[in-house]
Amino acid sequence: MNVLERVAEAEPLEAQVQSWLAQFEDALSRGDDAALHDLFHAESYWRDILALTWTIQTVSGSGAIAEALTATRGMKPSGFTLDPARTTPRVTTRAGTQSTEAFFQFETATGRCNGVVRLIGGKAWTLMTALDEIKGHEECTGKRRPTGQSHSRDFRGPNWLDQRKSAACYDDSDPVVLVVGGGHAGLSIAARLKQLGIDTLIVDREKRIGDNWRNRYHALTLHNQVQVNHLPYMPFPPSWPTYIPKDKLAGWFEAYVESLELNYWTGTELVDGAYDEAAQNWTVTLRRDGAARAMRPRHIVMGTGVSGIPNIPDIPSLQDFAGKVLHSSQYRDGEDWQAKRAIVIGTGNSGHDIAQDLYSSGATVTLVQRSPTLIVNIEPSAQLAYTLYDEGPPLDDCDLIAASMPTSLVRRSHQALTEQGRKLDKPLLDRLEQRGFKLDWGEDDTGWQFKYLTRGGGYYFNVGCSDLVAEGEIALKQFSDIDRFVADGARMRDGSLVAADLVIFATGYKGQEALVRKLFGDEVASRVGPIWGFGGSEELRNMFVRTPQPGLWFIGGSLAQCRIYSKYLGLQIKAIEEGLLPKQV
Ligand SMILES: Cc1cc2nc3c(=O)[nH]c(=O)nc-3n(C[C@H](O)[C@H](O)[C@H](O)COP(=O)(O)OP(=O)(O)OC[C@H]3O[C@@H](n4cnc5c(N)ncnc54)[C@H](O)[C@@H]3O)c2cc1C
């Protein structure tokens with residue numbers, strides 16, 4: 001550390017950050033590339049979430065950051081100051097590096113914004129700028145909540161219930177936004193749009209709100225802890241269990257829709273859709289309780305999650321198998337398979353959970369591994385990634401911190417967490433390897449989080465199934481050792497038979513692209529391109545931002561991701577509807 005850096009470190013944290021913000025604003029307002037360059041370390045990151053670029057992007061390195069920031073002067077950013085409503089500046093360690101972390105606020109010509117800066121020796125290591133609200137189009141919450149007077153002062157007019165029913169029926173109207181899928185992704189974006197005053201309808205093919213969780217296996221509880229998983233606006237009660245059971249979450253979804261007055265059609269499937277360039281809207285076909293209904297929304301938000309199209313490998317000899325074949329999405333309950341013999345193909349979360357459910361119901365189970373899989377104990381290893389949410393700051397601050405970390409640094413932290421988890425879980429992992437289970441740690445040892453973000457699977461949070469495999473209670477075979485399927489099971493290359501009444505393919509789902517192609521056709525699918533995963537960039541592809549197809553949006557991921565990014569997706573749709581942002585990228 002040189003003298004200047006030591007002086008900077010000695011300053012009170014608030015003064016240090018305020019001074020950096022003042023210099024930053026001055027350099028930015030003058031478009032002074034050199035001064036901006038000087039305010040950042042050579043290895044540094046700027047992530048913008050709509051505030052200055054109307055997209056979500058990360059720029060790395062002081063030179064590129066200075067150039068990119070200078071190009072944003074048209075947004076007229078000003079008033080950079082510490083945010084008095086948020087956690088005060090403090091020294092934290094992120095991705096193994098210590099820095100002064102501070103929340104700030106500022107505004108642009110169109111919006112009120114906030115951000116997080118991390119300083120090391122007076123220079124920025126990371127900077128995140130995010131749009132918080134659009135001026136003149138703030139959310140109808142808190143002091144801006146509806147008065148409710150209109151529901152009671154006109155005694156002969158429609159009351160609240162009449163108005164709710166009429167808003168949700170769409171007899172003579174179409175919603176501005178159609179949200180396809182009413183899991184947490186769909187609920188989060190619909191809740192945000194409602195607060196922004198945008199007419200939104202959620203459709204889901206399931207019969208009852210929450211069925212996306214209710215219909216999953218008997219013993220399911222969430223894999224991460226309650227404090228990480230709140231939906232927007234309505235946190236779970238403090239009495240709730242640390243790991244939320246599936247039916248409790250399903251019930252909460254119903255309560256959420258009711259409380260936040262979301263328009264939700266159950267038993268309604270989006271069958272197809274085409275975009276009318278001239279009219280700037282979609283024409284979609286919905287199938288509701290067997291009847292077709294056409295609608296013309298201006299935007300479609302796909303919240304269809306993983307439950308798009310099941311992926312089943314093409315195995316010609318499977319037709320010789322005389323027992324039942326299911327995809328994991330069709331599996332309901334082990335009770336149906338008591339004292340029967342099951343082969344479960346696939347060693348991700350679903351495969352392990354189904355194998356354990358069958359075993360607990362008295363079935364004889366063989367788990368078949370197709371490729372090396374990452375195993376991490378649910379506690380403490382799988383929870384290491386969420387320690388931020390136990391640090392003390394309120395949820396909103398934690399969400400901003402989470403959003404402020406550029407992907408390169410998140411990768412670095414996950415390499416360290418993976419290493420830590422490997423050490424903690426070593427006794428189990430050794431026993432699994434002795435059984436012949438093939439382990440892996442993800443690309444560049446970045447662990448389960450990046451497997452999730454790049455391919456949506458390939459790992460298992462051990463809630464007991466790995467122990468059963470290690471103990472030999474659940475048998476293990478390698479897929480490559482199967483010669484072919486025969487009437488009563490799988491014939492192995494060594495001539496032995498794994499007898500089975502049931503074969504379950506826990507082999508995941510086809511990517512969102514396949515669903516887009518099926519619903520909207522080849523042209524739209526090709527225009528949009530890959531969805532989810534990074535493809536070499538720093539941001540998830542086509543997620544939460546405008547896509548190359550006007551009026552088509554994607555939301556998905558964990559409860560936390562949807563809580564955080566639904567806000568920004570909602571702001572973009574609002575900006576388009578208010579004529580502040582073009583629909584076309
Ligand atoms: C055992 C387990 C534990 C998990 N634990 C956690 C956890 O702790 N934290 C966490 O964040 N995540 C967890 N997840 C992962 C993830 O959050 C869930 O898989 C979640 O269901 C994804 O939500 P979603 O809203 O994106 O999609 P989904 O829940 O899959 O919902 C999509 C909805 O879209 C509907 N749909 C699809 N196509 C159409 C169509 N054409 N028309 C109408 N409707 C349609 C479906 O019916 C479905 O209801 C867990 C998953 C599992 C299996």
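1. Some ground rules. This model is predicted: local features need pLDDT of at least 70, side-chain atom pairs count only at pLDDT 80 or more, and totals for chains, interfaces and linings use all residues. Residues are numbered from 1 along each chain as its sequence is written, and side-chain values use heavy atoms, with hydrogens and water left out.

2. The side chain of Asn212 has an N or O atom 2.8 Å from a ligand oxygen. For the side chain of Arg216, the distance to an oxygen atom of the ligand is 3.0 Å. Leu270 uses its backbone: a polar atom there is 2.9 Å from a ligand nitrogen.

3. How much of the ligand does the protein cover? On its own, the ligand has 980 Å² of accessible area (Shrake-Rupley method, 1.4 Å probe). The protein covers 91% of that area.

4. Ala, Val, Leu, Ile, Met, Phe, Trp, Tyr, Cys and Pro count as nonpolar, Asp, Glu, Lys and Arg as charged, and the others, Gly among them, as polar.

5. Now the second largest pocket. A pocket is an open set of points on a 1 Å grid over the protein atoms alone, where a 1.4 Å probe fits, with protein on both sides within 12 Å along at least five of seven lines; lining residues have an atom within 4 Å of a point. This pocket is lined by 24 residues. Pro146, Lys194, Gln195, Leu260 and Glu261 lie nearest its centre. Helix 5 (160-169) and helix 6 each supply at least two lining residues. Helix 5 gives the most, four residues. The lining divides into nine nonpolar, ten polar and five charged residues.

6. Last, salt bridges (a side-chain nitrogen of Lys or Arg within 4 Å of a carboxyl oxygen of Asp or Glu). The count is 35. In one, Glu101 pairs with Arg118, with the closest N and O atoms 2.9 Å apart. Glu101 lies in strand 5 (residues 97-107) and Arg118 in strand 6 (residues 111-120), so the pair ties together parts 17 residues apart in sequence.

Note on methods: Polar contact = N/O pair within 3.5 Å; in protein donor to acceptor, adjacent residues only side chain to side chain.
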